Amino acid sequence: GISVSMYRFIVLARFVILGLVYIMIPQFHREDWKSLAKAIPKNQPIYMVYSSSDPVRYYRDDIKIIDLKLLSKIKESQQEIYIIPYTVEIHGINYQKNLADKKYKLEQLIVYRGVILEKWKRYSFRKKIFF
C-alpha cells in the first residue's frame with residue numbers, strides 16, 4: 001500500500017511541476033498573434049496568405065487583409081507595405097523577389113514568438129547633380 005501511494009504522489013508531483021514549467025516559460029508558448037495584431041498600424045492593409053489570416057482577423061477585425069498572391073498588382077503610390085509571411089513556403093510564393101523588382105526594401109522585421117511582421121518601403125534612385 002505505501003509503495004502505490006508513493007508512486008501516485010511522484011506521478012502527480014511530476015505532472016504539476018512539468019505543467020508549471022510549460023505555463024511559466026514563454027519559449028514553450030505558441031505564436032503570439034495577439035501582440036502582432038496590436039502592432040499593426042490603423043488603416044494599414046496587410047499582405048499575407050489569405051487562407052492563413054484567421055488569427056489576425058480574430059484579434060483585429062478592422063484590418064484589411066490582401067492576399068499575398070495579389071502582390072504583383074500593388075500600386076506604385078504605396079510607399080510602405082506590411083507583410084506577414086506566414087505559410088508562404090507552403091504556398092510557394094516568392095514575395096521577396098516581387099518586392100525587390102518593384103524597388104521595395106525590407107526596412108523592419110519584428111518577430112512575435114514565431115510569427116513575423118515585415119515592413120517594406122519603396123526606395124528610388126535619384127540622380128544627384130553637383131554644381
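The protein chain holds five helices and five strands, and the model described here is a predicted one. Read along the sequence, these elements follow the pattern α-α-β-α-β-β-α-α-β-β. The radius of gyration of the protein chain is 23 Å, well over the 14 Å that the globule rule gives for 131 residues, so the chain is more spread out than a compact globule.

**Overall dimensions and exposure**

- Taken along the principal axes, the C-alpha atoms of the protein chain fill a box of roughly 95 × 35 × 30 Å.
- Of the 131 residues of the protein chain, 31% count as buried, and the chain exposes about 10,000 Å², of which carbon and sulfur atoms supply 59%.
- When contacts in the protein chain between residues at least 6 apart in sequence are considered, 52% of them join residues at least 24 apart.

**The sheet**

- The five strands form an open sheet in the order S2-S1-S3-S5-S4, and the pairing within this sheet is mixed.
- Strand S2 (65-67) and strand S4 stand at the edges with a single partner strand each, so one side of each is left without a neighbour in the sheet.
- From one strand to the next, the twist of the sheet averages 30 degrees.
- As a general point, strands of a sheet pair through backbone hydrogen bonds, either parallel or antiparallel.
- The parallel sense is found between S1 and S3, which pair over three bridges, and Met48 has Ile84 in S3 as its bridge partner.
- S3 and S5 run antiparallel and are joined by four bridges, with Tyr82 standing opposite Lys119 in S5.
- S4 and S5 also pair in the antiparallel sense, in their case over eight bridges, and here Val111 stands opposite Ile116 in S5.
- Six of the eight residues of S5 are buried, so this strand is largely enclosed by the rest of the structure.

**The hairpin and its turn**

- S4 and S5 form a hairpin with two residues between them, and Arg113, which has a positive phi of about 45 degrees, lies in the turn.
- In terms of the sequence, Arg113 is placed in the loop between strand S4 (104-112) and strand S5 (115-122), and its positive phi occurs in a residue other than glycine.
- Arg113 is partly exposed, with a relative accessible area of 38%.

**The nonpolar cores**

- In soluble globular proteins, nonpolar side chains tend to be buried together.
- The largest nonpolar core has 14 residues, and those touching the most other members are Tyr47, Leu68, Leu71, Ile81, Ile83, Tyr95 and Leu99.
- S3 and helix H5 (95-101) each supply at least two residues of this core.
- Apart from this core lies another one, of 13 residues, including Ile46, Met48, Ile84 and Tyr112.
- Leaving aside its neighbours within four places in sequence, Ile83 is in contact with Tyr47, Leu68, Leu71, Tyr95, Leu99, Ile116, Leu117, Glu118 and Trp120.

**Two further loop residues**

- Asn43 lies in the loop between helix H2 (33-39) and strand S1 (46-48), and although Asn43 is not a glycine, it has a positive phi of about 60 degrees.
- With a relative accessibility of 79%, Asn43 counts as exposed, because the cut-off for that class is over 50%.
- Asn43 and Leu109 are 66 residues apart in sequence, and the C-alpha to C-alpha separation between them in space is 20 Å.
- Thr87 lies in the loop between strand S3 (80-84) and helix H4 (88-91).
- The relative accessible area of Thr87 is 16%, and Thr87 is therefore buried, since that class takes in values under 20%.
- Not counting residues up to four places away in sequence, Thr87 touches Val49 and Ser52.

Conventions:
Residues are numbered from 1 along each chain as its sequence is written. This is a predicted model: local features need pLDDT of at least 70, side-chain atom pairs count only at pLDDT 80 or more; totals for chains, interfaces and linings use all residues. Side-chain values use heavy atoms; hydrogens and water are left out. Buried means under 20% relative accessible area, exposed over 50%, partly exposed in between (1.4 Å probe, protein chains only). Contact means heavy atoms within 4.5 Å. Two strands pair if DSSP finds at least two bridges between them. Axes are lines fitted to C-alpha atoms, for helices over the stretch in contact, and angles run from 0 to 180 degrees between N-to-C directions. A nonpolar core is a set of buried Ala, Val, Leu, Ile, Met, Phe, Trp, Tyr and Cys residues joined through side-chain atoms within 4.5 Å. The radius of gyration is taken over C-alpha atoms; the globule rule is 2.2 Å times the number of residues to the power 0.38. Accessible areas come from the Shrake-Rupley method with a 1.4 Å probe; for residues, only the protein chains shown count as cover.
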